[in-house]
Amino acid sequence: MADLSDQMRKIDIAMLSTHSKGGNIAGRPMSNNGEVEYDGTSYYFTYEDAHTVGEIEADPKVALAFMGEKGFAVAVEGQAKLSRDKAEMKEHWSPDLDKWFKDGIDTPDIVMIQVDATRVHYWDGEDEGEIKL
């Protein structure tokens, strides 16, 4: 998992996909906070009124997609949880997020999304593998 984490740290944006109303898949780019060592759990920040929040409340099954250099890609399936707890947010905050949330964790209506992976599938351009968590 350490080698995978090192590769994922280099990827700035992940695509977070949820199930929208009517059963469609909705994807949106999220900052992948490169300072975090990936251990099967990811953290993202959004606003309370984002469609993402309601979609996770209705169905917490989500997917993440990461695309790196030279054909490196990772697909993650997981369960999402929402947190509005400022202490939890502070543990996972990076100063780079200030460009989207001007008051940091004190930004009104901020929500943290935690994605706990259940399956990780990766490709490095030649080889592939799967990790079940």
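These legends go with a set of close-up views of a predicted model.

Residue numbers start from 1 along each chain as its sequence is written, and side-chain values use heavy atoms, with hydrogens and water left out. Since this is a predicted model, local features need pLDDT of at least 70 and side-chain atom pairs count only at pLDDT 80 or more, while totals for chains, interfaces and linings use all residues.

**View 1. Confidence along the chain.** The mean pLDDT (the predictor's confidence in each residue, from 0 to 100) is 88 for the chain, and 94% of its residues reach 70 or more. Helix α2 (residues 51–58) has the highest confidence, at 96, and β7 the lowest, at a mean of 72. Helices (H or I, at least four residues) and strands (E, at least two) are DSSP runs, numbered from the N terminus.

**View 2. R84 and its two glutamate partners.** E48, E57 and R84 are linked in a network of salt bridges (a side-chain nitrogen of Lys or Arg within 4 Å of a carboxyl oxygen of Asp or Glu). For R84 and E48, the closest N and O atoms are 2.8 Å apart. R84 sits in the loop between β5 (72–83) and α3 (86–91) and E48 in the loop between β3 (41–47) and α2, so this pair ties together parts 36 residues apart in sequence. For R84 and E57, the closest N and O atoms are 3.3 Å apart. This pair also links distant parts of the chain, with E57 in helix α2, 27 residues from R84. As for cover (buried means under 20% relative accessible area, exposed over 50%, partly exposed in between; 1.4 Å probe, protein chains only), R84 is partly exposed at 40%, E48 is partly exposed at 30% and E57 is exposed at 53%.

**View 3. A strand-to-strand salt bridge.** D116 pairs with K81, their closest N and O atoms being 3.4 Å apart. D116 lies in strand β6 and K81 in strand β5, so the bridge ties together parts 35 residues apart in sequence. D116 counts as buried, at 19% relative accessibility, whereas K81 is partly exposed at 47%. The structure holds six salt bridges.

**View 4. A negative patch around E126.** D124, E126, D127 and E128 form a negative surface patch, built from residues with over 30% relative accessible area and no salt bridge, like charges being joined within 9 Å and nonpolar side chains (Val, Leu, Ile, Met, Phe, Trp, Tyr) within 5 Å. E126 is in the loop between β6 (110–124) and β7 (128–132), and it is exposed, with a relative accessible area of 76%.

Definitions and conventions: Areas by Shrake-Rupley, 256 points an atom, 1.4 Å probe, with all protein chains shown as cover. Lys, Arg positive; Asp, Glu negative; His and termini not counted. Charge placed at Lys NZ, Arg CZ, Asp CG, Glu CD.
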